[in-house]
Structure formats: C-alpha cells, structure tokens
There are 2 protein chains.
Amino acid sequence: MSTARPPVAVTVDLVVLTVRDDRLQALTVRRGEEPFAGEWALPGGFLQPDEDLATAASRELLEETGLTSDHFHLEQLASYGDPHRDPRMRTVTVAYVALAADLPTPTAGSDAAEARWQPVADLAADDALAFDHATILRDGVERARAKLEYTPLAAAFCPPEFTVTELRRVYEVVWGVEIDPRNFHRKVTGTDGFLEPTGATTTRDGGRPARLYRVGAVRTLHPPLMR
Amino acid sequence: MSTARPPVAVTVDLVVLTVRDDRLQALTVRRGEEPFAGEWALPGGFLQPDEDLATAASRELLEETGLTSDHFHLEQLASYGDPHRDPRMRTVTVAYVALAADLPTPTAGSDAAEARWQPVADLAADDALAFDHATILRDGVERARAKLEYTPLAAAFCPPEFTVTELRRVYEVVWGVEIDPRNFHRKVTGTDGFLEPTGATTTRDGGRPARLYRVGAVRTLHPPLMR
DNA sequence: GACCTTATCGTCATAGTGACATTAATCGAC
DNA sequence: GTCGATTAATGTCACTATGACGATAAGGTC
C-alpha cells in the first residue's frame, strides 16, 4: 500500500432525470465560472468536511431543485477521476443518479445559477456538457434503463398514484421502444408486489377510467421486464 | 455549487474474489500500521497524482497479487466517504471488484504485507475487517452475485478453457445454491455467444470426457440465468 | 344515443424452465 | 478385456411466461 497522500478535491455531481413531454430529460445548469464558463454542466459541488457522500448528494439536490431528497430516488452511480478531467486541479467526482416525477417545479431551484431540463438525446455528444459530464450522463441514463428491467423503479418517474398506462409511458420513453399495452398490463399487474391498487380510478388520460396504483414493496422484479 | 475545497485523501480499495476449494474467497491483507494494526483489511492504497482511478486499481492489484490486471475482470464497485470511516483523516475510497480464476498464486504478492485468501462467509461480521471494509466486501460480493445473472462473468472465475460443470460449480458456490446439471447445461450451451467450444475435451473432473469451452463474445445474457 | 377513446380481460401459439430419465464415454479394479 | 463407478450429454414432459392480437368495458364528447 502506498502511503503518499496527494491533494485531491472531491466533488459530487448529479444526474437528475425526469420524464417531461414524453422525453427523458436531465437537469443541467449553466456554468458561471471558468473553466467551461457559459457552458451547460451537471449540477454538483464540493464535498463538505463533515458530510457523507449521500448527504452531499442530497444537499446538492436541494440546492439545485429546492426539493428535499425524499422527492427522488437517489443512488450512487460511479466515480470519475481522470487526472485531467478538471484543468484547474486534481479532482475526483462521485456521481449520483436522481430519478423524479415531473411534479418538481420545472427548473427553478434556490441556487442562483441558471438551470434547465434538457432532453438527454440532445446531450449525447461528448462536448454537449462541461468536463466529462456527457460521459457521466450517459452512464446515468444507462443505469436508469437497466434498473427499469429488474426493479420497480419506473414508478420513481410517476406521481405517487399512477395508472398502468402512465407507468408504461415511462418505460417507452426511457427505453425508446413501443410496448404492447395489453401485455404490459398483464405483466405489471401480475407481478406480485409491484403495484398496489388504491381503489380509486382516474380519467385524466381520457377514455375508460383507469385504476390508480401505488408502487408496492418489492425491490426487484422476478422475472424482470425485458427490453 | 459550493466552492469550498476541504482536504480529502482518496484511496482505492479492492475486493478481489476467487473460487477456491469450492468456496468464494476474498483476498485480505494484515495491516501493519495503526489504525487497526494487526487486523485484516481489503488491499488498497492512496490514489497517486497522475493516476486514473482504474489505473490505481490495476496498480494495487499488481502490488498485492503480483499479477497484471489482464488476469482479472476488474470493475468499479462504489465509493465510500463516511466522514469518520478513517479515524486519522477525512478519506474517500473508491472500491473496485476484481474477479479471478484460482490460477493466480495462492496469495504471495510482491508487497511485503501478509496476505491471505479468506472465505467471504467468514468475513460477514461488521468487525471482521478494518474500517468499513466488511460493508465494501458485502457490496462487492453482492455485485458479483448479481452480475452472474445477466452477464457471462462467471467465466472470470474459471481458467481460459473450462467445462460446463466447472462453470456450474462457480454459480453454485457464488450463489450458495444447487443447480440441476442438466438444465444448466441446456441453458448455457443454448445461450448464443455465451460459450465457444474449443473442440477439445478433458477428463480432469473424472467420468466421461467433457467438452472444453472458451467464453464467448456476448456481454449480457438474454434471457438471464436466475437465482 | 352514437361514437371516440382508453382500460381491461381473453386467446392462442411459442419460448423458456424445473424436474427427472436415459444414454454415452471415459477410468480404475479385477 | 469386462464390469462397475463416475460424470457428460441429450431428451421428455408439464408448466409458466411472453408476444401478437381480438374482444369487451366504461367513461367521455357531441
């Protein structure tokens, strides 16, 4: 084990995803300072002295969206530490993914910087975001896509009570595929613990009233839904 | 975004796993220094100034095992940054998981510290390892278990050429379950791209000669094997 | 009330899986 | 060389899950 201890700045960056206007969108902020001043970047900031990584992620989330972390599904994504990822200094960033329903206010957080939702499809180019944030975003999107397969996490993109069709739209948008409504309905209502009926119905999507569900207790889907 | 930049030491720790004696085992090293002097810990060390995270992981792996990283499947696991995880100072550690066939020399690396393979079942207690390493090990083992389901990664625990039975033993040991040999055989030989027959056979496991396979090109199994 | 829209349920063929039988090919003992 | 033990490989069958699609239900709108 090496004993040297070179100075490294640790940051926490966020891939905040939501489904808006039938597209998967990510929260971006415009940078005010060099480097990359004026360019779009993922929200994030430095890890504070007495803060756990998850705490820092929650704090940044609050600062950028004005919403506490219980409005989100928040999980660690990965860390990125290329020695030259930040021209100013040696940094290592721990990225988190946050999934949210569309409810959160369009974009305005308590933080001063300009913030905006942008479709992830528009941010695919390597230079679409500052630093290595395009890579981080790609990894975050891939994580979200993968997790929809074997967890009930699609519900994190929905309001607390939602219809089967609304849930299906999440899958279609995040995966970019069309799904047969009848087979999907059979699958999700038949998977034990995925959905709990509330007893209520809604006509907000038009047509015949649809049953409302809350997400159930299971953490993994057996068998998984597949892309 | 906060602009403060408190001093943090970044380390890289390794969960090195192998299947030995029909048990899943992890590489552990005995600590020479405080804190936790004399206790077992995961191998690891400080991130060096001009080193990427993956490079640091490879370097540590080489230092601890004497083997270059192409002997392993190496992937990032997660980062851990509880403010008090190291009593000496503020540290954030980026953990990697390395999977290896049993071939690597039992334990002796080029590094001076005493090193040993230990069954992961014996390291389950929170205080079985220094720092938060028991937690990291648990997460690493869980990662390995999960990846066997939907990737051909079980082959990383096997020599370059292996039999279906040897592969099955990996699944049985890592998952801690018994698997029907005939159904397993059907599944893995029928999954396109999982196994490539070498044309050769072996009798090293006794009985009728078994065909030898190399791992194929696919990176994910569709449909997955399930626990 | 006709009709549009969406929700929910049903049908059928096919693929995948668990449980288990059978046959095949080697080794070692005698 | 034959026999038996051992493990490999293939096969059978029932059941479950899934894809593709039809049919019916229950609200809205005009």
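Tutor: Start with a cut-off: a residue is buried when its relative accessible area is under 20%. Keep in mind that this is a predicted model.

Student: What makes strand 5 of chain A largely enclosed by the rest of the structure?

Tutor: Strand 5 spans residues 72–80 of chain A, and 7 of its 9 residues are buried, so the strand is largely enclosed.

Student: How do you know that strand 5 of chain A pairs with strand 6 of chain A?

Tutor: Pairing needs at least two bridges. Strand 5 and strand 6 (residues 91–100) of chain A have 8, in the antiparallel sense. In that pairing, A:Tyr80 faces A:Thr93 of strand 6.

Student: Why is the pair A:Tyr171 and A:Phe184 called edge-to-face?

Tutor: Two tests apply: centres within 6.5 Å, and planes over 60 degrees apart. The centres of A:Tyr171 and A:Phe184 are 5.4 Å apart and the planes stand at 65°, so the pair is edge-to-face.

Student: What makes this pair a tie between parts of chain A?

Tutor: A:Tyr171 sits in helix 3 (residues 164–175) and A:Phe184 in helix 4 (residues 181–190), so the pair ties together parts 13 residues apart in sequence. Both A:Tyr171 and A:Phe184 are buried.

Student: Why is the pair B:Tyr171 and B:Phe184 called edge-to-face?

Tutor: The ring centres of B:Tyr171 and B:Phe184 are 5.4 Å apart with planes at 65°, so this pair is edge-to-face.

Student: How do you know whether B:Tyr171 is buried or exposed? And B:Phe184?

Tutor: Set each value against the 20% limit. B:Tyr171 has 0% relative accessibility, so it counts as buried. B:Phe184 has 2%, so it counts as buried.

Student: How do you know what span to expect for helix 1 of chain B?

Tutor: Multiply 1.5 Å by one less than the number of residues. Helix 1 (residues 53–65) of chain B has 13 residues, and 18 Å is expected. From first C-alpha to last, the helix reaches 18 Å, close to that expectation. Its buried residues include B:Leu53, B:Ala57 and B:Leu61. After the helix comes B:Gly66, with a positive phi near 75°.

Student: Why is the approach of B:Thr165 to DNA strand D called a polar contact?

Tutor: The limit for two N or O atoms is 3.5 Å. A polar side-chain atom of B:Thr165 is 2.6 Å from a phosphate oxygen of DNA strand D. A:Lys187 has a side-chain N or O atom 2.9 Å from a phosphate oxygen of DNA strand D.

Student: Which element gives the largest share of the surface near DNA strand D?

Tutor: Helix 4 of chain A, with 4 residues.

Student: And DNA strand C: how do you know which base contacts qualify?

Tutor: Apply the 3.5 Å limit again. A polar side-chain atom of A:Arg208 is 3.1 Å from a base nitrogen of DNA strand C. For B:Arg186, the distance to a base nitrogen of DNA strand C is 2.8 Å. Both contacts qualify.

Key: Residues are numbered from 1 along each chain as its sequence is written. Chains are lettered from A and ligands numbered from 1 in the order in which they are written. This is a predicted model: local features need pLDDT of at least 70, side-chain atom pairs count only at pLDDT 80 or more; totals for chains, interfaces and linings use all residues. Side-chain values use heavy atoms; hydrogens and water are left out. Rings of Phe, Tyr and Trp (its six-membered ring) pair if their centres lie within 6.5 Å; planes under 30 degrees apart count as stacked, over 60 as edge-to-face and the rest as tilted. Helices (H or I, at least four residues) and strands (E, at least two) are DSSP runs, numbered from the N terminus. Buried means under 20% relative accessible area, exposed over 50%, partly exposed in between (1.4 Å probe, protein chains only). A polar contact is a pair of N or O atoms within 3.5 Å; within protein, one must be able to donate a hydrogen and the other to accept it, and residues adjacent in sequence count only if both atoms are side-chain atoms.
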